Amino acid sequence: MKTRFKWLAMIMALSLIAASCGGDDQAETPATTAAPATTAAPATTAAPATTAPPEETTEDTMAEEEPMMIATDIGVDLEAGVIKVGMLSDLTGPFGPAVNLLVAGVNTFWADVNARGGVHGLMVELLYRDTAYSVDNHVQFFEELRDEVVAFGHSTGSPHTIAILPELAEDGILAIPLTWYSGWSDPDLNANLLSHGTSYCIEAMNMIGYLSDVSGENGVADPTLAIATFPGDYGLDSAAGAKIAAEALGMEIVYDGSGQIIPSQDNAPVGNAIAQSGADIVWVAANPTTLAEVYGAALAQGLVAKWSGTVANWSPAFVAPDSPIKDAVTRDFYGASYFPPYTDDSPGMQNLRDLMAQYAPEVPPIDYVIEGFVEGMILHEALKVAYENGDMTQRGVLAAAKSMEEVDFGGIAPNESYVGSPNERLQRQTWINRPDPEGLAAGTTAIGTRVIESHYTHPIAADYFFEEACYKLS
């Protein structure tokens, strides 16, 4: 019989989906061409050109140097002083709530850059297209923008980004994917991409390794594991990491529900199966609504276990004052994140908070805006290097990006490198969180969690030798 919980509607209403992940079961909705916080774009140069740039009044100024000769082709108009960047974003689809928060962050970042003189005097203009998380829309809007922009500063979704890879390679265009698929570290896939953050696969290794250690400290010498995930790259890449961790630990998998959690279907049977397995640790890669179904079903059968999963599972609604599962979740759940919380005391996070207060005071202090700053900082560095190289063509920006030995985010995320072997540059750090209902009620956290481990890497993840994607996306 289908299990229902009176609090499920609350979770669905308040949940904030954090990861723009794959999954073939998401509905495709009509796309719009809304462009938040952008202005009409001046024409780009029609053909490759080599022109002196305009004078600058920015911190990037080279006032004492002779004017550089900058090569351009598409998306950079030196006479107009504009750099145009494409943004293929899910603004109204299943990941719209999170992506719109990201957009608030990226718009704020570039508003500040432009206010300080842009990139050597060139103003950055973001051209948004709402893909509504449709692969077809994603390809259509890429085709529309490929001859207008110098790079794509955002590309929501793994299958969506995979779909435009041949054309990115053909034109030599850079793109920054909003997805933490492990395949983005594979040189067979990433020639035109700048990935960032810890992959779903490594995230699972870190968290399961950590919970195995915690279980041992609590007297459970040989904890067992249950896995339940969405289908597609997000769920199956995460499941692959969980299985790698289990094998390394000699941990028995008592229930394998890889790909078995399906949005808009009854997922209580998955929770029932997890409860019947008696697992000590449960790993989930889903979203808040489906996690609520699975967790609620297992809880109703009396299972007490350590639950964890990807960033995308968590909602502050779980520990809201009137949540009937607040106490259980506080006892059971361990969360992951790819960067420190919005309240972190690093100089970079303080600057982020100040800029959000200045440019977007209406946006709540939610961690998801950090991702927008991270994407903006990656592209900003690439554009500066391209300018300094004297080549702001599409291929020149891509080459500059791939030469960056370190991008320093000022503490809002782990630094990234885009040179070296895939194994050398693989990001392995995770922040580990526990539910914090008191903090949510007091307003000291907007997402209802507190950090218990920063910059955490379990030995399994540290020792893992990366050669190819944990799960191969077809």
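How many of the 22 residues of helix α11 are buried? The count is 19 of 22, and α11 is mostly covered. Buried means under 20% relative accessible area, with exposed over 50% and partly exposed in between, using a 1.4 Å probe and protein chains only. The model is predicted: local features need pLDDT of at least 70, side-chain atom pairs count only at pLDDT 80 or more, and totals for chains, interfaces and linings use all residues. Residues are numbered from 1 along each chain as its sequence is written, and side-chain values use heavy atoms, leaving out hydrogens and water.

Stay with α11, residues 368-389. Helices (H or I, at least four residues) and strands (E, at least two) are DSSP runs, numbered from the N terminus. The expected span of a helix is 1.5 Å times one less than its number of residues. Gly390 follows α11, with a positive phi near 75°.

Now look at the sheet. It is open and has seven strands, in the order β9-β8-β10-β11-β12-β13-β14, with mixed pairing. Two strands pair if DSSP finds at least two bridges between them. β9 (253-257) and β14 (449-456) are the edge strands, each pairing on one side only. Strands pair through backbone hydrogen bonds, either parallel or antiparallel. β8 (residues 225-229) and β10 (residues 281-285) pair in the parallel sense, over five bridges. Ala228 has Val284 in β10 as its bridge partner.

Helices pack here too. Helix α7 (residues 268-277) touches β8, β9, β10 and β11 (306-309). Contact means heavy atoms within 4.5 Å. Helix α6 (residues 232-249) lies across β8, β9 and β10, at about 165° to β8. Axes are lines fitted to C-alpha atoms, for helices over the stretch in contact; angles run from 0 to 180 degrees between N-to-C directions.

Move along to β13 (residues 430-435), which holds Asn433. Asn433 is buried, with a relative accessible area of 8%. Its side chain makes a polar contact with the side chain of Ser337, at 3.5 Å. A polar contact is a pair of N or O atoms within 3.5 Å; within protein, one must be able to donate a hydrogen and the other to accept it, and residues adjacent in sequence count only if both atoms are side-chain atoms.
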